[in-house]
Amino acid sequence: MQAQTATHTKFPPAVLAMQMPATMARVAPVAPQRLLGKGDELFAEGDDAEYFYKVVSGAIRSYKMLSDGRRQIDAFHLAGDIFGLEAGSAHRFSAEAVGDAAVIAYRRSRLAMLIEEDRAFREQIMSATLRDDFPSKRSRHRT
C-alpha cells in the first residue's frame with residue numbers, strides 16, 4: 001500500500017469550470033486535483049477508498065498483480081470516466097497513469113450529496129457503477 005505522498009496540484013479555475021458543473025462546485029468540495037506522470041500510482045490495492053476519481057485528461061489503468069508477478073488489467077479509464085468508487089472500504093485494484101494524466105478526486109463521504117444535487121453526475125455514477133458490476137462485458141488483459 002502506498003502512502004499518499006505525491007504532490008497535489010491545483011488546476012486553473014478555467015479548467016475546473018469545464019470539468020465540473022456549477023452545482024458540484026457549490027456542494028462538494030473537491031480534493032486537491034492530481035497531475036500524474038507515466039507510471040505514477042494513484043492508489044494501491046487495499047488502500048483506503050476515501051476518494052473516487054474522474055479522469056480529466058490522459059488515461060489511468062486499474063489492475064491487480066497476480067501471484068506469479070504478472071499484471072491483470074481491469075480497465076483503462078479515459079477522460080470523463082469515473083472510477084475507484086468501491087462498495088467496501090478498500091480499493092480492490094491498483095491504479096496508475098498510463099502516460100501524463102490529470103484526475104479530480106471526490107470524497108466518497110460526499111457522494112450522497114453529489115448525486116442528490118446534480119442529475120448529470122448521478123447518471124455518470126450510475127453508468128460507472130453498472131460498468132463495474134458487469135466485468136464480463138469488458139475485456140481482460142494480462143501483461
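The structure is a predicted model, in which local features need a pLDDT of at least 70 and side-chain atom pairs count only at pLDDT 80 or more, whereas totals for chains, interfaces and linings use all residues. Residues are numbered from 1 along each chain as its sequence is written, and side-chain values use heavy atoms, with hydrogens and water left out.

For the protein, the mean pLDDT is 78, with 69% of residues reaching 70 or more. Confidence is lowest in helix α1 (residues 13-19), where the mean is 45, and highest in strand β7 (residues 94-97), where it is 98; helices (H or I, at least four residues) and strands (E, at least two) are DSSP runs, numbered from the N terminus.

An open sheet is formed by 4 strands in the order β1-β8-β3-β6, with antiparallel pairing, where two strands pair if DSSP finds at least two bridges between them. Strands β1 and β6 (82-83) stand at the edges, and because each has a single partner strand, one side of each is left without a neighbour in the sheet. Strand β8 (residues 101-107) is largely enclosed by the rest of the structure, because 6 of its 7 residues are buried, that is, under 20% relative accessible area, with exposed meaning over 50% and partly exposed in between (1.4 Å probe, protein chains only).

Strand β3 (residues 51-57) pairs with β8 in the antiparallel sense over 6 bridges, and within this pairing Y53 has A105 of β8 as its bridge partner. Strand β1 (residues 34-36) also pairs with β8 in the antiparallel sense, over 3 bridges, with L36 standing opposite A101 in β8. L35 lies in strand β1 as well and counts as partly exposed, because its relative accessibility is 42%. Although L35 and A101 are 66 residues apart along the chain, their C-alpha atoms are separated by 5.9 Å.

Definitions and conventions: pLDDT is the predictor's confidence in each residue, from 0 to 100.
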